[in-house]
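Colleague: I am new to this structure and would like a close look at one part, the charged side-chain contacts. Please show me the model before we start.

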Amino acid sequence: MHTPQIETIEVIVYGYSKLASEISLALHNEFYNFIIIEPDPRIHKFAIRDKYTENISTKECYDDDEFISHGICNPNLKALYCLHNDFNRNLFITLSARNLNQDIPIIALSSNDNETKKLKLAGASRTINPYEIAGLKIFRQIDKPLSMKLLEEILHNNSRFTIKEISVSNNCLFNGLYSKNIEILEKYNLVLLGIQDKEISREFIFSSRGINHKIDDGDTIVVLGESANIDKFQEELIHNKQGMNNEK
Amino acid sequence: MSDFLVRLAYRIEGSRTHHKFRAFLTDILENHNSKNKKIFDAFMIFLVISTIGILIYEVKHHIPIEIIYYEYCAVFIFILEWLARYAISFESHKQIIRDFEESQYLNIDYKISESIKIIIKRKVSYIISPSSIIDLLAILPSYRPLRILRVFLLLRLFKVLQYSNSINQFLRIFVEKKLELTILLVLYIAIVMFSATVIYVYEGGGSNGHMHTYWDAVYWSFVTVATIGYGDIVPHSDAGRIVVFILIIAGLASAAFFTAIVTSAMGEKLNYIKKNKTISNAISLQKYILVCGYGRTCRVLVDNLKKNNHDVVIIEQNPEICTVAEDKGYHVIKDDPSNIDLLQNIGIMNKISSVVILSNDDTVNLSIILSIRSINPNVEIISRCNSSKSKNKLKIAGATDIIQLNDSASLVAMGYLKSPIAYEAIDDMLTDFRGASITELEIFKNSPFIGKPLSEIMFNKFNITFVGISHNDDRNNLKFNPARADTIIEEKDFLIVIGYEKTIKSFKSYLQSPTKFEDK
């Protein structure tokens, strides 16, 4: 495993909990440049065991300069995962990171509602509660096995169904249309799950809310469909965009 | 004679009516988890209390003939009950078959007298057992020539105890603590006799006008040790008063000793009774989900199952965690979930629809799975897997589905990196965060949409996002957003939809009776 240059670091994983080890493996498999920060030597050895010998740091990063030297202000940075088993450490690092970098998505580990609230206050963009996700997954498996199966398929990238977010630009096919009238989705048999309407909020709004949004430049739509159809749909969008650019 | 009895024994053994009847009697008389027994017990308690009520009423009133007939009926039922208990106490024909087959196997002459001896011994031992004697003494005084034994009718009150398992368990304290209670009794008798002797020596000679015999001294001593002190006999001499001091202290000490023995035993029994109560509650449920372990994942699971009206029973070994679950009003059994006897008692064969095993130790999970599979090879088992290396072993042991705690969490977390908005939607659907959820709705047999195309269903009217349909004949193949005009709805199909709780509720009712929503 190569040592990443600070400028090239795309993801920082703080802490090497069980969840962090799973995510590190996924990052490694998808060729992300990432660094693991694990100050606790007792846990640090697990990362070494998993062969993360080069891209691991044992620094505490409570000091801002130390944190900056690990790339928190790096313009290429795509996300920070705060996944330490010690909640207080996660909270401190989340707050420090948000203070140093306003735009970076911070995904933090939480194990209950109180922790989620504090992490959100500290600046976390998302919190992940593995106990809640696993508990709800089992519940759905018992109560709604068919819908859980579909969700599972969506979660696993290499499966029949997939979910995709599409950013709407000026020359996009459906710029200016209303969300209930996007006919092209029918052509590829896609279901519009919802939209992030920049005029309303940064929150995702499900189509089931019944709001007929006008889709503008800067909005993002989320569609669900069979992976092959989504690929074709994206191809058409690209062709269309290129065509419009050429016309200009 | 011998041949006849052996043939008779085999005929009884082969009789389905006999087995059915015996199973019925056993069910209502001895099966503490049976609903029939509960009804029978309630009926018998009513009979006992009403006949005792008649006895009390009879003291000062003349009772009408109808009531006498009622009492005769009640006693007749008591006799039938005693006979039924007698009949199921020991299966005589099985003893004959066993002895006969043993003699055949060993190639020796079969002696029916040996079998009869054993049968008589077993039957007599039932007749002289405390519960049988209580039954008989409660029945016999009703026979008019034996009315002198009427006081024994009160023994019917003890019959009530037969019908209450909890009271029975408490009474077992006296059997289980026999040694301690015997020591206490011997000590008590020694104190009474010693003090009676001392007081008699000092005051029995005539100095105390109320103490004429040694029996008076024993009576006084007993009443004083019991800290009652009626005051009909009091010591007059200084020596007698000193004896009183000693007696009062000894009395208090023995009362404390007695209380301590009974209280500690009651505490132990209380846990046992609570556990039995939960087991019988579980058995009384139609179908339920068994959850082994009550950790953080389990709390989310059980809360959601309860919210959606599923019956759940939890088995947890840690008493502190049990208390947390009990405080939430859940059925909790404090025991080892890999205990095969326990699993059998709670109805793993026919009462449990799914088992969820959520211990954080894979060896424990494996042991529980094997215990369950040894009894029921078909029940759905969802097991937590703590190390990916154990996954295969848990599957081999018999788990239907494996859950790895961080599996889905890491996929969602990775998704946030690549498509944050899309994964926000998935996370919302997984956690019902904003109230929107993906769900499946069954088409029931009386739905007017059966036989019609999907296009007849007005999804938009209820703001429902249609995702797909799963037909009854091919559950594994989800038809994703099929052409609505070409897809015919059939009974037991499932529609996969996304919507909010309220709209889904209205939509569900619309699927059953669309006419109700026509004007809206």
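Colleague: Is A:E10 buried or exposed?

Modeller: A:E10 is buried, with a relative accessible area of 17%; buried means under 20% relative accessible area, exposed over 50%, and partly exposed in between, with a 1.4 Å probe and protein chains only. Before going on, note that this is a predicted model, in which local features need pLDDT of at least 70 and side-chain atom pairs count only at pLDDT 80 or more, while totals for chains, interfaces and linings use all residues. Residues are numbered from 1 along each chain as its sequence is written, chains are lettered from A and ligands numbered from 1 in the order in which they are written, and side-chain values use heavy atoms, with hydrogens and water left out.

The side chain of A:E10 forms a salt bridge with that of A:K78, at 3.1 Å from N to O. The term stands for a side-chain nitrogen of Lys or Arg within 4 Å of a carboxyl oxygen of Asp or Glu. This pair links distant parts of the chain, 68 residues apart: A:E10 sits in the segment before β1 (11-14) of chain A, and A:K78 in the loop between α3 (64-69) and β4 (79-82) of chain A. Helices (H or I, at least four residues) and strands (E, at least two) are DSSP runs, numbered from the N terminus.

Another salt bridge is formed by A:R126 and B:E424, whose closest N and O atoms are 2.7 Å apart. The pair joins two chains, because A:R126 lies in strand β6 (residues 126-128) of chain A and B:E424 in helix α19 (residues 420-431) of chain B. B:E424 is buried, at a relative accessible area of 5%.

Within chain B, the side chains of B:E81 and B:R85 meet in a salt bridge of 2.8 Å, N to O. Both belong to helix α4 (residues 65-89) of chain B, and they are separated by about one helical turn because they are four residues apart. B:E81 is buried at 3% relative accessible area, and B:R85 also counts as buried, at 13%. Salt bridges also link B:R22, B:E91 and B:K94 in a network.

Over all chains the count is 15 salt bridges. As for cysteines, A:C61 is buried at 1% relative accessible area, whereas B:C73 is partly exposed at 46%.
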